[in-house]
Amino acid sequence: MKKIFLSSLLLFSMLNAETLTLRESIDTTLQNYPDVKSLQMKMKQSKLSHRSATADYLPQVNLNGQYNVTQTYVLPVNGTFHTLDDTGWNVGVNLKQKLWDFGKTTSKIASSQKDEDISKLSLMDFKALLAYKVKSFYKLMVVEREALNVRKKDLEAKKAYYAQAEALVKQGLKTTADASRFLSAVYNAEDNLAIAQASFDKARNSLSLYMDRKIDENVTLENAVLQESFNTDANVEKEVLASNYTLKIDNKNIEKNILLHKSAKAEHYGSIDAIASYNHFDTLNTYDATTAGVVVNIPLYSGGRVSAEAQKVEISAQISKEQKRSRELALKEELSNLLLDITRYNKTISAKKAQLDSAQETKKVLDGRYKEGLATYIEVLDATSQVLNAKLGLLEAYYSRALSIDRIQYLKGKI
């Protein structure tokens, strides 16, 4: 009855356990993480900056007015000047329209568009980086959960060995050294189990903070995420260089600085503006004044400021190009190392699987030999450690390979 009750309780808990998928973890984090929201607001700021820059090519209309409680007027009478204090007011409308400035404003507007593009790419890059971090936490939870299960089975096995050794001691088939050594192994297994539990809880807590949602200790995870394979073909480098968000941002910065350089050079030539105004004056006399015409502004001397600004922007464009080249080299180096790591982990996984099979077979043989008095407790514990280390080593290799694959996906800009 007790076994039936425990089995029913286990089945009930499994049916009611929370299920958390990797995709859900990523989507929830992207929705709730504060830095995503701040970057979205910065993107809106960039859009408004672009609108502000575009306004420079639209008509600028101003309404002005003035009222003077007292004002002194000078009146010539018979060759002499007389003054008179009186009130006065005026109101008017002024209009200014930029006609041509040799591409200065156009280049500035285009550069502000690049800022908007950069803000969008920065948001996408951060989302990809955040997804990479969530994947690492999620897969670490899977690994630590599996390691926790391995440690639990190891503890059960050590307790069984200890109970078996005590029984054999009572029968006079083994010495107390056997029982004592197995008891020591039980204590060590309990300590390792506590460490594994803490590691799992830490990974669960980290992912919970990123998701801004509590994760149940008995949550059901996708164990298959560790089995992901990766095709290390020759097109990986081309794909990374073509789709990496950081390189795209560098390209936009180069284009932006080129446009700013054009704008700075155009400032040497000045601008042509159309102006128009209408003003109504009510002072000693009432009259209207209108203006309509074209204004030409040509800078003759600015103390070298215009030339210096143009040179500064030109240097900035050159710096952006060199930074992009440097980043390309760093990406190629990182990608090459990741591909080498994946190849190594594939071999490690194959070796660990073979080692695990061999260790399990050896353990079965030694368990039987120990019962017959043909093997020592040292051999049994050594075989048990070989199985444990092979299982944990296999999990570590799977996790390390998964991290390398996920890093390449991030470099590709994949979420």
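The points below comment on a predicted model of one chain, from its overall dimensions down to single residues.

1. Overall dimensions. The chain has 415 residues and a radius of gyration of 39 Å, whereas a compact globule of that length would have a value near 22 Å. Along the principal axes, the C-alpha atoms occupy a box of roughly 145 × 50 × 35 Å. Buried residues make up 37% of the 415.

2. Secondary structure. There are 9 helices and 4 strands in the chain. Read from the N terminus, their order is α-α-α-β-β-α-α-α-α-β-β-α-α. Among the contacts with a separation of 6 or more, 82% join residues 24 or more positions apart.

3. Packing of α3 on α4. Two packed helices are described by the angle between their axes and the distance between the axes. Helix α3 covers residues 34-54, and its axis lies 8 Å from that of α4, at an angle of about 170°. Angles over 145 degrees count as roughly antiparallel, and α3 and α4 are therefore roughly antiparallel to each other. On the α3 side the contact includes Asp35, Val36, Leu39, Gln40, Met43, Ser46 and Lys47. On the α4 side, the residues include Ile109, Ser112, Gln113, Glu116, Ser119, Leu123 and Phe126. By class, the residues of this contact divide into 8 nonpolar, 9 polar and 6 charged.

4. Ser119. This residue belongs to helix α4, which spans residues 104-170. Ser119 is one of the α4 residues that make the contact with α3. Leaving out residues up to four places away in sequence, Ser119 touches Met43 and Ser46; both of these are among the α3 residues of the helix contact. A polar atom of the Ser119 side chain lies 2.6 Å from the backbone oxygen of Glu116. Ser119 counts as buried because its relative accessibility is 11%, and the cut-off for buried is under 20%.

5. Ser111. Helix α4 also holds Ser111. With a relative accessible area of 5%, Ser111 is buried. Residues up to four places away in sequence aside, Ser111 touches Lys256, Leu259 and Leu260. The side chain of Ser111 has a polar atom 2.7 Å from the backbone oxygen of Lys108. Ser111 and Ser184 are 73 residues apart along the chain, and their C-alpha atoms are separated by 71 Å.

6. Lys252. Helix α7, residues 245-266, contains Lys252.

7. Gln97. Strand β2 runs over residues 80-100 and includes Gln97. Which residues does Gln97 contact, leaving aside neighbours within four places in sequence? They are Tyr57, Leu58, Pro59, Asp273 and Ala274. At 18% relative accessibility, Gln97 falls in the buried class.

8. Backbone at Phe102. Most residues other than glycine have a negative phi. Phe102 is not a glycine, yet its phi is positive, at about 60°. Phe102 sits in the loop between β2 and α4. Its relative accessibility of 40% places Phe102 in the partly exposed class.

9. Backbone at Asp212. Asp212 is another residue other than glycine with a positive phi, near 60°. The loop that holds Asp212 lies between α5 (176-211) and α6 (236-243). Asp212 is exposed, as its relative accessible area is 59% and the cut-off for exposed is over 50%.

Notes
Residues are numbered from 1 along each chain as its sequence is written. This is a predicted model: local features need pLDDT of at least 70, side-chain atom pairs count only at pLDDT 80 or more; totals for chains, interfaces and linings use all residues. Side-chain values use heavy atoms; hydrogens and water are left out. Helices (H or I, at least four residues) and strands (E, at least two) are DSSP runs, numbered from the N terminus. Buried means under 20% relative accessible area, exposed over 50%, partly exposed in between (1.4 Å probe, protein chains only). A polar contact is a pair of N or O atoms within 3.5 Å; within protein, one must be able to donate a hydrogen and the other to accept it, and residues adjacent in sequence count only if both atoms are side-chain atoms. Contact means heavy atoms within 4.5 Å. Axes are lines fitted to C-alpha atoms, for helices over the stretch in contact, and angles run from 0 to 180 degrees between N-to-C directions. Angles under 35 degrees count as roughly parallel, over 145 as roughly antiparallel, 65 to 115 as roughly perpendicular and the rest as oblique. Ala, Val, Leu, Ile, Met, Phe, Trp, Tyr, Cys and Pro count as nonpolar, Asp, Glu, Lys and Arg as charged, and the others, Gly among them, as polar. The radius of gyration is taken over C-alpha atoms; the globule rule is 2.2 Å times the number of residues to the power 0.38.
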